[in-house]
Amino acid sequence: MTLRLFPEWHPQDAIQLTWPTPTSDWAPLLEHIEATLEAMVVAITRYQPVLVVVHDEPQRERLAARFTALGIDARRWHLVVAPSDDTWARDHGPIAIEREGRLTLLDYVFTGWGGKFAAERDDALTRALASRQIFAAPVESQALILEGGAIDTDGEGTLLTTSACLLNPNRNPGLDRDAIETCLGEQLGVSRVLWLENGHLEGDDTDSHIDTLARFCDPATIAYVRCDDPQDPHYEALAAMENELKALRREDGSPYRLLALPWPKPCFDPDDGHRLPATYANFLIINGAVLVPTYGDAADFQALKVINGAFPGRDVIPIDCRAVIRQHGSLHCLTMQLPRGSLNPALSLG
């Protein structure tokens with residue numbers, strides 16, 4: 001059976017977002033996170049549509065008026081009402097595969113990163129969207145606990161992940177590495193799983209999601225975070241991760257082209273002083289462009305330069321994510337790409 005997990009650079013119908021509400025953990029930062037999301041919507045809709053999940057009809061009406069005021073083409077956005085717990089579409093959105101030439105959306109179990117946060121409504125969100133005829137592709141529920149931010153693929157059968165997340169007992173207790181690899185092979189069509197044993201970010205709730213640490217830019221290239229400050233508590237673990245990446249080989253035995261992303265100055269929560277997970281690896285690939293998180297740091301320019309070199313022919317767009325990391329994620333975490341053929345044509349997006 002031909003089975004393939006789509007890479008992020010596969011042509012897309014839209015980017016899915018889930019809008020925050022005044023009753024969510026975003027309440028103290030609502031004005032700031034909405035400004036960030038609006039900047040993302042403006043940037044993304046220059047290239048393709050967005051599908052935005054909203055909490056209720058009043059929020060839908062408010063955002064429709066706001067997008068119109070921002071001059072965004074109405075054919076480039078669709079607002080759908082469905083209940084949610086939080087904004088992290090990367091982890092509660094569907095994961096797309098191609099099976100025998102047919103697009104299918106897989107709905108994995110989401111538990112709020114191992115039960116850390118309420119997630120019942122987020123876990124039901126993909127099925128709720130399917131019931132509203134949002135998708136053209138069929139949606140299949142899976143019993144495995146798996147978040148989109150935990151995996152990255154080259155689109156050619158290789159998957160990159162971390163042991164700290166996928167083998168964490170708070171995810172799929174009782175499943176060892178071999179069992180997880182078997183599930184990923186059977187469900188996603190991957191023939192190789194590359195495991196990173198090192199690397200983490202302070203303030204990260206995800207148990208080391210790969211999209212905070214290292215990302216495929218094409219089948220031969222991996223961009224990764226590198227800490228150049230020996231006094232930083234991340235230094236040893238990220239140096240060990242760098243050595244692991246250098247030892248990885250492509251299926252033909254050749255080494256990967258590795259692109260080191262810079263290390264921003266530490267960012268701290270202004271309320272209680274804990275460190276926040278600022279990372280440039282949390283970029284988003286869309287049709288014709290790459291959105292890159294920035295943090296008002298001198299390293300922002302170098303990060304944009306590295307990513308520009310990794311994606312020739314694509315525009316590189318900075319998005320200020322200082323508000324996003326206050327809730328311990330970044331730009332990529334807020335989004336999920338929906339490959340071409342995912343959305344119901346009746347939505348009239350284009």
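Me: How far is the sulfur of Cys 165 from the closest cysteine sulfur?
Reply: In this predicted model, the cysteine sulfur closest to that of Cys 165 belongs to Cys 333. A disulfide requires the two sulfur atoms to lie within 2.5 Å. The separation is too far for a bond, at 12 Å.

Me: How many disulfides does the model contain?
Reply: A disulfide is a covalent bond between the sulfur atoms of two cysteines. For Cys 321, the closest cysteine sulfur is that of Cys 333, at 9.2 Å, and this is too far for a bond. Cys 165 is likewise too far from Cys 333, its sulfur being 12 Å away. The number of disulfides is zero.

Me: Is Cys 321 buried or exposed?
Reply: The relative accessible area of Cys 321 is 0%. A residue counts as buried under 20%, so Cys 321 is buried.

Me: What is the handedness of the crossover from S12 to S13?
Reply: Strand S12 (residues 221-225) and strand S13 (residues 257-261) run parallel and are joined by five bridges. Within this pairing, Tyr 224 stands opposite Ala 260. From S12 the chain passes through helix H9 (residues 235-247) to S13, a β-α-β crossover that is right-handed.

Me: Which backbone nitrogen does the side chain of Thr 279 reach?
Reply: Thr 279 lies in the loop between strands S15 (275-276) and S16 (284-286). With a relative accessible area of 2%, Thr 279 is buried, and its contacts beyond four places in sequence include Val 225 and Tyr 295. At 3.0 Å, its side chain reaches the backbone nitrogen of Ala 281.

Methods:
Residues numbered from 1 in each chain as written. Predicted model: local features only at pLDDT ≥ 70, side-chain atom pairs only at ≥ 80, totals over all residues. Heavy atoms only, no water. Pairing = 2+ DSSP bridges. Helix = DSSP H or I, 4+ residues; strand = E, 2+ residues; numbered from the N terminus. Right-handed = clockwise from strand over helix to strand, strands pointing away. Buried < 20%, exposed > 50% of the residue type's maximum accessible area, 1.4 Å probe, protein only. Polar contact = N/O pair within 3.5 Å; in protein donor to acceptor, adjacent residues only side chain to side chain. Contact = heavy atoms within 4.5 Å.
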